[in-house]
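Please examine the sequence and structure shown here before reading on.

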Number of protein chains: 2
Amino acid sequence: MYLDIGNALASVATPGVSRASLDRLDDRVARAHERIVDGIDDREFGYASLALPERTDAAHVEETVAPLADSEAVLTVGIGGSALGAATVSAALGRGAADAHVLDNVDPQGASEVLDALPLEETAVHVVSRSGTTAETLANFLVVREAMTEAGVDWTERTVVTTGEDGPLRALAEEHDLPAFDVPEGVPGRFSVLSSVGLVPAAIQGHDVAGLLAGGRAGREALAPSLYDCPAYGYGAVCYALENRGATTNVLMPYAERLEYFAEWFAQLWAESLGKDGLGQTPVRALGATDQHSQLQLYRAGRHDKVVTLVRPRDRPGRAIPGTDIEGLSYLGGSDLGTLLDAEFEATEASLAAADLPNVRLELDALDAEGVGRLLYDMEVACILAGELMDVSTFTQPAVEWGKRAARGLLGGGDFAEAEAVAGKERLEIE
Amino acid sequence: MYLDIGNALASVATPGVSRASLDRLDDRVARAHERIVDGIDDREFGYASLALPERTDAAHVEETVAPLADSEAVLTVGIGGSALGAATVSAALGRGAADAHVLDNVDPQGASEVLDALPLEETAVHVVSRSGTTAETLANFLVVREAMTEAGVDWTERTVVTTGEDGPLRALAEEHDLPAFDVPEGVPGRFSVLSSVGLVPAAIQGHDVAGLLAGGRAGREALAPSLYDCPAYGYGAVCYALENRGATTNVLMPYAERLEYFAEWFAQLWAESLGKDGLGQTPVRALGATDQHSQLQLYRAGRHDKVVTLVRPRDRPGRAIPGTDIEGLSYLGGSDLGTLLDAEFEATEASLAAADLPNVRLELDALDAEGVGRLLYDMEVACILAGELMDVSTFTQPAVEWGKRAARGLLGGGDFAEAEAVAGKERLEIE
């Protein structure tokens, strides 16, 4: 992992952070590092997430899903942290031996389209819910189970679950003798990607699960008591410093289509962990080079309330651009799409700096299992460090409960005062 | 189109807009309305976009692509406004008679994956570039052309173009007698969806092109000199008022997976049109219900610098949730995924209001051609009104030129001072 924060310095950008301020901040990083390492070693709630690369047993994951290893497709049924990690890993590593799909919404049209497209008799289903009662996930699972039964497929032969010790999903797994993983203890959903939650589809696709975990371990070994010695801490610290100086939005802009889902995963990690007490950067998902033709005008000419995080692999497969004698295009011919993409990466980085907008460069060696494992681990570290520096409760998400109770009340799942607030909505309707 | 701005009022939300302020603002809306209508009637640059529903000839589009109407797939080669509209329409209306794909990046891995998956001999290609020299688009087209030739497919039989009067793409179309559309005069790319730019793939998919245009015409007919009488103006005006009061971020959160691309299209429209002079809301793309489990914590507990725009169709196809006797889940069984999704929509809306965060409800009758055409047209109107109220140059995008020149210089396409700035980058590297 390589980090370059030169374009976030006050000498380049507004807002920017001075080297003197970074030096002062580094004392707090050293103390936070001790707190984090102690938390990992003691398997404290939340911090325990950073022990997953050591705790997760790749061979156990692979053996458990071995009966499903010849599937043509794998469907994750979950929502939020129970789905985004798996989708991110599968997208980053490519198709492999099976297509990966996700049901992480309750859109009737979307669900029907996914189910109609799947070869159900060759599809492995991974249902993920800690409580076993998540409304969206269980509703989808009931729909999937029925679709399989109607197609003459024995769903008990095609389903694996990850859930807590108790609850309806655990009971179901025991009743039907389904392969089942425990959700890792002390790990909030959005930090669970390096457990079965994120790795089961990858294992079924034949991806290098051990490599993903090795990447995470490399991130663990890279932890050091200074932001100047550890890219994950460097990134978390500079985001914290820039937020305090006015960069209340963090645009994550990978230059690799396979990392488009990674931007979604990062957005959950950042928003749900740090969006507290009136603080927290708003994560914005972008994609290079595409969004240069959509968002760059705003980034350069709009408010200086953003930092843009540019991400790319240093090495990527090529695709030659054929030579051409078309006038005005000959400079493209004989080059490679990757060369063009990298030139646009560097041009965009420089164009943001020329507009005084802070930006940061994050690079991984390659989009392989170790690279992806390291990237995910380091972003978790960066998030946890930022949370320490901000003094927020990184590992909880209390503000989402209100809406869950309201929805449950509306659906007749109990009496909740929140459901009554829905009916009292203030209206100003324009048709 | 139905708009409800009750939850954006100062009596509910912080920031919020008072009814008295809206009344005062309405005088300016009336004047802006006159400006806009004059611009449409005179086909002035930019405003001419709002005349597209009358100007575009559905039968002409359909006849021109008729030789490709039996294609199994349609591939749009373009970037930014030359691709997003087409992708949005095709996603909103579903697969139809052909799969829709887009090459709107220059990722070598992504391009290879798309080309490997396409049945090239049954694929229609629509190449879109006003200048005919857009680097990304032309590089991709060279790659597609070569792939077709290597597969033994006559690319001249499978390609249609939309381009300007001159340039390499026009010359190529003339040389090979390709079906060709003119880019509509006076219409910036991001406002071009209701022309051939956005409609060619839909026509090949067999979607109701005339219906899309009829939806746009309904939007034109709904223009009225008061924000209280025209939902498009109501939306533009309330976004303007909220931005001035601190809502510098606009989260667009459709509750329909088919509108996920619409959020991308809106993000370009909003960012590139209004991101000027240090102004412009940052568009954030979200998706309900999924992002309740990702972003809602931040929206409710983070900074009050956002308005959340919730979008849904009033009518949608259903998907029954099978009954179940699993304890704790029986309230879900026998319901419908759509009922659950709508309950989550209303619960989220109320939960934002309970946290004093401004939010707006936008509804369309259904996700059909007329509904989609109306939605796209009304958002363009809202954007243009906001630009009038902000006194910015809605129809230009000067800030993106710097990076284009830098990239071209880096690729050896000429001498540009911007390319030299890339080499002078300030570095602070952490490994």
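This is a predicted model: local features need pLDDT of at least 70, side-chain atom pairs count only at pLDDT 80 or more; totals for chains, interfaces and linings use all residues.

Which residue in strand 1 of chain B is the bridge partner of Glu429(A)? The partner is Asp4(B).

## Strand pairing between the chains

Glu429(A) belongs to strand 11 of chain A, which spans residues 429–430. This strand pairs with strand 1 of chain B, residues 2–4, in the antiparallel sense, and the pairing runs over 2 bridges.

Asp4(B), the bridge partner of Glu429(A), also takes part in a salt bridge with Lys425(A). In that salt bridge the closest N and O atoms are 3.1 Å apart.

## The interface of chain A and chain B

The size of an interface is often given as the accessible area lost when the parts come together. For chain A and chain B, the area buried between them is about 11,600 Å², with 59% of it on carbon and sulfur atoms. On the side of chain A, the residues that lose the most area to chain B are Gln297(A), Leu428(A) and Ile430(A), which together account for 7% of what that side buries. In terms of contacts, 138 residues of chain A meet 137 residues of chain B.

Between the two chains there are 11 salt bridges, and 49 residue pairs are in polar contact, with both residues at pLDDT 80 or more. Helix 13 of chain A, residues 337–354, provides the largest share of the side of chain A that touches chain B, namely 13 residues. Divided by class, that side of chain A has 63 nonpolar, 39 polar and 36 charged residues.

## Salt bridges

Side chains of opposite charge can pair when their charged atoms come close. Over all chains, the structure holds 47 salt bridges. One of them links Glu113(B) and Arg258(A), with an N to O distance of 2.4 Å.

Why does this pair join two chains? Glu113(B) lies in helix 5 of chain B, residues 108–117, whereas Arg258(A) lies in the loop between strand 7 (249–254) and helix 11 of chain A, so the pair joins two chains.

## Two domains in chain A

The domain assignment of chain A gives domain 1, made up of 2–37 + 214–390, and domain 2, covering 70–205. The centres of these domains, taken over C-alpha atoms, are separated by 30 Å. Their contact draws 22 residues from domain 1 of chain A and 16 residues from domain 2 of chain A. Together the two domains bury about 1,600 Å² between them, of which 67% is on carbon and sulfur atoms.

Across this domain interface there is 1 salt bridge. Arg190(A) and Glu272(A) form a salt bridge, with their closest N and O atoms 3.2 Å apart. On the side of domain 1 that touches domain 2, helix 11 (260–274) and helix 14 (369–390) of chain A each supply at least two residues. By class, that side of domain 1 divides into 12 nonpolar, 4 polar and 6 charged residues.

## Backbone features

Most residues other than glycine have a negative phi, and most peptide bonds are trans. In chain A, the peptide bond from Thr14(A) to Pro15(A) is cis, with omega near 0 degrees. Pro15(A) is placed in the loop between strand 1 (2–4) and helix 1 (19–41) of chain A. In chain B, a cis peptide bond joins Thr14(B) and Pro15(B), with omega about 0 degrees. Pro15(B) is found in the loop between strand 1 and helix 1 (19–41) of chain B.

Arg43(A), a residue other than glycine, has a positive phi near 55 degrees. Arg43(A) sits in the loop between helix 1 and helix 2 (52–55) of chain A.

Technical notes: Residues are numbered from 1 along each chain as its sequence is written. Chains are lettered from A and ligands numbered from 1 in the order in which they are written. Side-chain values use heavy atoms; hydrogens and water are left out. Contact means heavy atoms within 4.5 Å. Buried area is the accessible area (1.4 Å probe) that two parts lose on being put together, summed over both. A salt bridge is a side-chain nitrogen of Lys or Arg within 4 Å of a carboxyl oxygen of Asp or Glu. A polar contact is a pair of N or O atoms within 3.5 Å; within protein, one must be able to donate a hydrogen and the other to accept it, and residues adjacent in sequence count only if both atoms are side-chain atoms. Helices (H or I, at least four residues) and strands (E, at least two) are DSSP runs, numbered from the N terminus. Ala, Val, Leu, Ile, Met, Phe, Trp, Tyr, Cys and Pro count as nonpolar, Asp, Glu, Lys and Arg as charged, and the others, Gly among them, as polar. Two strands pair if DSSP finds at least two bridges between them. Domain bounds come from an automatic or database domain assignment.
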